[in-house]
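Here's a quick briefing on salt bridges and helix packing. Have the structure open while you read.

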Amino acid sequence: MITNLKLKHLDYFLDIYAPVDFLPTHGKGSRLYDVNNNMVIDFSAGIAVNSLGHAHPALTGAIVDQASKLWHCSNIMVNQPSIELARLLVEKSCFDKVFFCNSGTEANEAALKLARRYALKNFDKKNKIVAFKNSFHGRTLFAVSVGGQTKYSQDFAPLPSGIEHGIFNDINSAISLINHETAAVIVEPIQAEGGVITADINFLKKLRELCDKYNAILIFDEVQTGIGRTGKLFAYEHYGVEPDIISLAKALGCGFPIGAILIKEKFANGFDIGSHGTTFGGNPLACSVAIVALKIISNPEFLTQVSNKSTDFFNMLNNINNELQIYEEIRGTGLLIGAELKNEYKNKARNLMDLGFKYGVATLTATTNVTRFTPPLIINPIDISYGFERFYNAIKEFKVTNINN
Ligand SMILES: *Cc1c(COP(=O)(O)O)cnc(C)c1O
């Protein structure tokens, strides 16, 4: 059996991920184990995906049960789990219609295509998409072009056109870009990959106002913030702003791949029969898992717990930082938390993440200068403090070995 990932994976894989030096073979709750039972406390949850932790009995039960009934039949037939999941998503949100796909980038692709087609059907000369710098919307060519980080798109020209990038949280920048030619505005309520930067309430309100004024579709990319991550089922609920479409993926299947867009009735006729599609979208296995996950996470008591855990998490991180002084700012909402390094340690977030694994705690980065924490939403107080004990030791070594001169 292969036990050392570093040694073996490049024999077979494209060299694009730079994985850490830990090869998990199983997990339970917020703990991951390798073949020798070395244990890592998981403050990453597969990048905000495994919100119910690893090997949750209800999810395992759901997938085993569905696996003996029906795996796949494509969208030439509907299936019961997909109808049930769509019904739950509509009931628990401000939206009316659902389209299922398999990932976040595909969800955004669908949202943007729907917006373009809606504008084409209903208006003249209306196809522009307004997005924001520093945003992340996925890796298909349309998504990297709409995303606000040129490092992900510049090597793949020619790119799709008709896309403009404003400055995030800058109302004047939005005013200058959004007009009669705008088909859609897409924004993350919290820029997650971009460093965990929260949208100002007035900025989002202004986007809503401008989209209403110019008949543009307001899309919130909730691929990372959706399904309980911020302590509400959807992040838009924090703002009192209802978008026209949201995209979902990451935590929707809690580890089983599934994506979705939720759409207001008014814009549902942007697509007609044959306008768009996918082979796997609405797959019964994926939907069976997502139904159970959604029922658990959408429980108000569960969401209150997320907010309580968030307070504990912030307190412990702030305490460590008060003593060790490596972060300039600690920010975020719910259990989507970012900590930006001080100048002395600028751009060394990856080194700290590697040291975390050395000491037995899995964290993430967001940009090269921010440590990102997205623990499973079910993490208990014991594992939060256990993880931070380990992270404390990682920071101590980090401080000695990684100071910029
Ligand atoms: C992860 C992410 C995506 C892309 O999702 P994939 O499933 O990797 O395609 C898009 N938008 C946001 C905000 C994300 O966090």
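This is a predicted model: local features need pLDDT of at least 70, side-chain atom pairs count only at pLDDT 80 or more; totals for chains, interfaces and linings use all residues.

**Salt bridges and helix packing**

Residues are numbered from 1 along each chain as its sequence is written, and side-chain values use heavy atoms, with hydrogens and water left out.

**Charged pairs**

- Lys69 is exposed, at 58% relative accessible area, while Asp65 is partly exposed at 40%. (Buried is under 20% relative accessible area, exposed is over 50%, and partly exposed is in between, using a 1.4 Å probe and protein chains only.)
- Arg87 pairs up with Glu84 in another salt bridge, with 3.0 Å between the closest N and O atoms.
- Both of these residues belong to helix H4 (residues 80-91), and since they are 3 residues apart there, about one helical turn separates Arg87 from Glu84. (Helices, H or I with at least four residues, and strands, E with at least two, are DSSP runs numbered from the N terminus.)
- Arg87 is partly exposed at 40%, and Glu84 is partly exposed as well, at 23%.
- Lys121 forms a salt bridge with Asp272, again with the closest N and O atoms 3.0 Å apart.
- That pair links distant parts of the chain, 151 residues apart: Lys121 is in helix H5 (residues 104-122), and Asp272 is in the loop between strand E12 (259-263) and helix H9 (284-297).
- Lys121 counts as partly exposed at 39%, and so does Asp272 at 38%.
- Salt bridges with shared partners tie Glu84, Arg87, Glu91 and Lys295 into one network.

**H3 against H9**

- Helix H3 (residues 57-67) packs on H9 at an angle of about 150°, with the axes 9 Å apart. (Axes are lines fitted to C-alpha atoms, for helices over the stretch in contact, and angles run from 0 to 180 degrees between N-to-C directions.)
- So H3 is roughly antiparallel to H9, a label for angles over 145 degrees.
- The H3 and H9 crossing is right-handed, which means that the near helix is turned clockwise from the far one by less than a right angle.
- Residues of H3 at this contact include Ala58, Leu59 and Gln66, and those of H9 include Pro284, Leu285 and Ser288. (Contact means heavy atoms within 4.5 Å.)
- By class, the contact has 11 nonpolar, 2 polar and no charged residues. (Ala, Val, Leu, Ile, Met, Phe, Trp, Tyr, Cys and Pro count as nonpolar, Asp, Glu, Lys and Arg as charged, and the others, Gly among them, as polar.)
- Gln66, in H3, is buried at 8%. Beyond its neighbours within four places in sequence, Gln66 touches Trp71, Pro81, Pro284, Leu285 and Ser288.

**H4 against H9**

- The axes of H4 and H9 come within 8 Å and cross at roughly 35°, in a left-handed crossing.
- On the H4 side, the contact includes Pro81, Glu84 and Leu88; on the H9 side, it includes Pro284, Ser288 and Lys295.
- This contact of H4 with H9 divides into 9 nonpolar, 2 polar and 2 charged residues.

Note on methods: A salt bridge is a side-chain nitrogen of Lys or Arg within 4 Å of a carboxyl oxygen of Asp or Glu. Angles under 35 degrees count as roughly parallel, over 145 as roughly antiparallel, 65 to 115 as roughly perpendicular and the rest as oblique.
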